[in-house]
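Hello,

Here is the structure I promised to pass on to you.

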Amino acid sequence: MTTHAGGCRCGAIRFEAKAEPIHISYCHCGDCRRASGAPVSAFVGFRADDVAFSGEAASTYGAAPITRSFCGRCGSPVAYADDRLAGQIYMMLGAMDAPEHYPPRVHGYVREQLAFFHIDDGLPRMETITVPRSQGAQL
């Protein structure tokens, strides 16, 4: 069984997933841009029950239905959860120990993509969400 591990920049928060990712994607939405401070974010999704955290508890913020977690010591963004995606957690690709093992498979929210930022990788490009939410909700 493959273990997928990661953590924050200072090592205070660690996590491991004992199952394969369920989703890997880029997100170009303005909310993810502001939360990460980068022109695009990338996430590795797992079933929440397959992820175990150790070390310090993450700090959280956000407005329903999104909750983002980060290290209260070093400030590194760690993950996000969406109430409409029950039982799933999305780790920041940069928080993974070996991010090169998780190439994204799709671009989300390209309608909000910065005009000067384009990744020409041939991946599907979705105008909005890449994972269907309950109640057909879209941000």
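A search of the whole structure turns up five salt bridges, where a salt bridge is a side-chain nitrogen of Lys or Arg within 4 Å of a carboxyl oxygen of Asp or Glu. Please keep in mind that this is a predicted model, in which local features need pLDDT of at least 70 and side-chain atom pairs count only at pLDDT 80 or more, while totals for chains, interfaces and linings use all residues. Residues are numbered from 1 along each chain as its sequence is written, and side-chain values use heavy atoms, with hydrogens and water left out.

Among the salt bridges is the one between E56 and R73, whose closest N and O atoms are 2.1 Å apart. This pair links distant parts of the chain: E56 sits in the loop between β5 (51–55) and β6 (59–61), and R73 in the loop between β7 (66–70) and β8 (77–82), 17 residues apart. Strands here, like helices, are DSSP runs numbered from the N terminus (helices are H or I, at least four residues; strands are E, at least two). E56 is partly exposed at 35% relative accessibility, and R73 is exposed at 55%. For these words, buried means under 20% relative accessible area, exposed means over 50%, and partly exposed lies in between (1.4 Å probe, protein chains only).

R84 and D82 form another salt bridge, with 2.7 Å between the closest N and O atoms. Here R84 is buried, with a relative accessible area of 11%, and D82 is buried too, at 3%. E16 and K18 also form a salt bridge, at 3.8 Å between the closest N and O atoms. E16 is partly exposed at 36%, as is K18 at 44%.

Next, the cysteines. The structure holds zero disulfides, a disulfide being a pair of cysteine sulfur atoms within 2.5 Å. For C29, the nearest cysteine sulfur is that of C27, 3.6 Å away. C29 is buried, with a relative accessible area of 5%. For C74, the nearest cysteine sulfur belongs to C71, at 3.7 Å. C74 counts as partly exposed, at 23% relative accessibility.

Now to the sheet. Seven strands form an open sheet with mixed pairing, in the order β6-β7-β8-β9-β4-β3-β10. Its edge strands are β6 and β10 (107–108), each of which pairs on one side only. Two strands count as paired if DSSP finds at least two bridges between them.

Strand β3 (residues 23–27) is mostly covered, with five of its five residues buried. H23, S25 and C27 point one way from β3, while I24 and Y26 point the other way. Five bridges join β3 to strand β4 (residues 41–47) in an antiparallel arrangement, and Y26 stands opposite A42 in β4.

What does the nonpolar core look like, and which residues have the most contacts inside it? The largest one has 33 residues, and those with the most contacts inside it are F15, F43, V44, F46, V78, M91 and M96. Such a core is a set of buried Ala, Val, Leu, Ile, Met, Phe, Trp, Tyr and Cys residues joined through side-chain atoms within 4.5 Å. The elements giving two or more residues to this core are β2 (13–17), β3, β4, β8 and β9. Not counting residues up to four places away in sequence, M91 touches F15, A42, F43, V44, F46, F53, V78, A79 and M96, where contact means heavy atoms within 4.5 Å.

Finally, a word on T67, which lies in strand β7. T67 is partly exposed, at 35% relative accessibility. Leaving aside neighbours within four places in sequence, T67 is in contact with T60, Y61, A79, Y80 and A81. The C-alpha atoms of T67 and G11 are separated by 21 Å, and these residues are 56 apart along the chain.

Enjoy looking through it, and do write back with any questions.

Best wishes
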